[in-house]
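Please look over the structure shown below before reading on. The notes after it are grouped by topic.

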Amino acid sequence: MVADISAAPAALTAAAPSGAPGSAAPAAASGSAAPATPGSAAATALLHTTVLDWYAENARDLPWRSPGVSPWAVMVSEFMLQQTPVKRVLPAYRAWMERWPSPADLAADAPGEAVRMWGRLGYPRRALRLHAAAVAITEEHGGVVPDDHAALLDLPGVGEYTAAAVASFAFRQRHAVLDTNVRRVFARAVSGVEYPAQATTAAERRTAVELLPTTAETAATWAVAVMELGALVCTARGPECAGCPLLAQCAWQRAGRPPYQGPARRGQSYEGTDRQVRGKLLAVLREAHGEVEQARLDEVWHEPVQRARALDGLVADGLVEPVGPGLYRLPT
DNA sequence: CATGCGTGGTA
DNA sequence: TTACCAAGCAT
């Protein structure tokens, strides 16, 4: 059922990185000559060709990267991939696209159906926002996913990353696409540290913009290529430096791979939190098609105060609709 | 700008 | 087992 995502190279070689304007490889960058000065135009050009060549050979064959997929398909995948691993997204993405192949299809259905289809992807508010985005696209953009970064940013659930990702991947525009993978690759390869700061800094944005290839098409492939490198090789834990195409160019490697120095990286606790209770409550609502009585919800969490607070939160978020005294359902 | 927001896999 | 991590967003 799930496609092989580990081996198949993608058919995304059209970018022809070495021939693209703005990435002409200088003679000094090849062979055994002295390495290019970090940050120089030569170093940047070598970075581009190295990553783009690696991507041409190693990209996963993911459905939202298939030739000819709609911008809507890209947008759906980006929503689902916000904090959820590719492997878990794949089946949900296929089911979603089959049921709602266009924004208008989703907009015509109830938001609760989106929440139900979201299943166990987590952070179900994303389902609600994707539905709201579909409504906005249908009502304000004639049912066509806007290709403008600012217009994308105005859509519910679309932040800086997703707007840049859709504009880049779907519309082949030139944008700095800064996700957790890209930030980590740049932190290591460029800044020489193991992990980026908690919050994205202005310096990171500057770096990302400066490293952007000149032409839009190449920049779009570069964006997904760096991301893929971070996802497959330059991973958060246990990076495969030995197999990394940037081994010879990596600042972190040159520095002797010093361990992370900064403040403790916050771990997300979960056991016993409102989030866990919300998850349990919503699971009942998802699986029961139709209305659910309070008693059914009371079964999933023993502590009444926290239980009520969690339910109130779900209602406040629009994920649950009260339909009467002690009666609830997914939003219609 | 730090925090809340799900769920499951991995070391 | 606990802790961390996974293509963020909204407030």
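The briefing below starts with the whole chain and then takes up its parts.

This is a predicted model, in which local features need pLDDT of at least 70, side-chain atom pairs count only at pLDDT 80 or more, and totals for chains, interfaces and linings use all residues. Residues are numbered from 1 along each chain as its sequence is written, while chains are lettered from A and ligands numbered from 1 in the order in which they are written. Chain A has 15 helices and 3 strands; helices (H or I, at least four residues) and strands (E, at least two) are DSSP runs, numbered from the N terminus.

**Chain A overall**

- Of the 332 residues in chain A, 37% count as buried. A residue is buried if 20 or more other C-beta atoms lie within 10 Å of its own, exposed if 12 or fewer, and partly exposed in between, with C-beta atoms placed from the backbone.
- Among contacts between residues at least 6 apart in sequence, 65% join residues at least 24 apart. Two residues are in contact if their C-beta atoms, placed from the backbone, lie within 7 Å.
- The UniProt annotation "domain: HhH-GPD", from an unreviewed entry, covers residues 80-232. UniProt positions are given in the numbering used here, feature names are shortened, and annotations may be inferred rather than shown by experiment.
- The span 80-232 is 64% helix and 0% strand, and its end C-alpha atoms lie 19 Å apart.

**Two assigned domains**

- The domain assignment of chain A gives domain 1 (70-169) and domain 2 (274-329). Such bounds come from an automatic or database domain assignment.
- The C-alpha centres of domain 1 and domain 2 lie 25 Å apart.
- Domain 1 gives 6 residues to the contact, and domain 2 gives 6 residues.
- On the side of domain 1 that touches domain 2, α5 (111-118) and α6 (125-140) each supply at least two residues. The largest share, 3 residues, comes from α5.
- That side of domain 1 divides into 3 nonpolar, 1 polar and 2 charged residues. Here Ala, Val, Leu, Ile, Met, Phe, Trp, Tyr, Cys and Pro count as nonpolar, Asp, Glu, Lys and Arg as charged, and the others, Gly among them, as polar.

- Helix α8 is largely enclosed by the rest of the structure, because 8 of its 10 residues are buried. The buried residues include T162, A165 and F169.
- What covers the buried residues of α8 includes α2, α7 (149-153) and α11.
- Helix α9 (residues 180-191) is mostly covered, with 9 of its 12 residues buried. Among the buried residues of α9 are R183, R184 and R188, as well as V182 and F186.
- The buried residues of α9 pack against α10 (202-210), α11 and α12 (251-254).
- Just after α9, G192 has a positive phi of about 80°.
- A231 lies in helix α11 (residues 216-232). A231 counts as partly exposed because it has 19 C-beta neighbours inside 10 Å.
- A231 and R307 are 76 residues apart in sequence, and 37 Å apart in space from C-alpha to C-alpha.

- The 3 strands form an open sheet in the order β1-β3-β2, with antiparallel pairing. Its edge strands, β1 (292-293) and β2, each pair on one side only.
- Strand β2 (residues 321-324) and strand β3 (residues 327-329) pair in the antiparallel sense over 3 bridges. Two strands pair if DSSP finds at least two bridges between them.
- In this pairing, E321 stands opposite R329, and P322 stands opposite Y328.
- β2 and β3 form a hairpin with 2 residues between them, and G326 in the turn has a positive phi of about 70°.

**Surfaces near the DNA strands**

- Around DNA strand B there are 22 residues, and the closest are R120, G122, Y270, R278 and G279. A residue is near a molecule or strand if its C-beta atom, placed from the backbone, lies within 6 Å of it.
- Helix α13 (residues 274-287) gives the largest share of the surface near DNA strand B, 6 residues.
- The surface near DNA strand B divides into 7 nonpolar, 9 polar and 6 charged residues.
- Around DNA strand C there are 28 residues, of which L81, G159, T162, A236 and G267 come nearest. The elements giving two or more residues to this surface are α2 (71-81), α8 (160-169), α9 and α11.
- By class, the surface near DNA strand C has 11 nonpolar, 12 polar and 5 charged residues.
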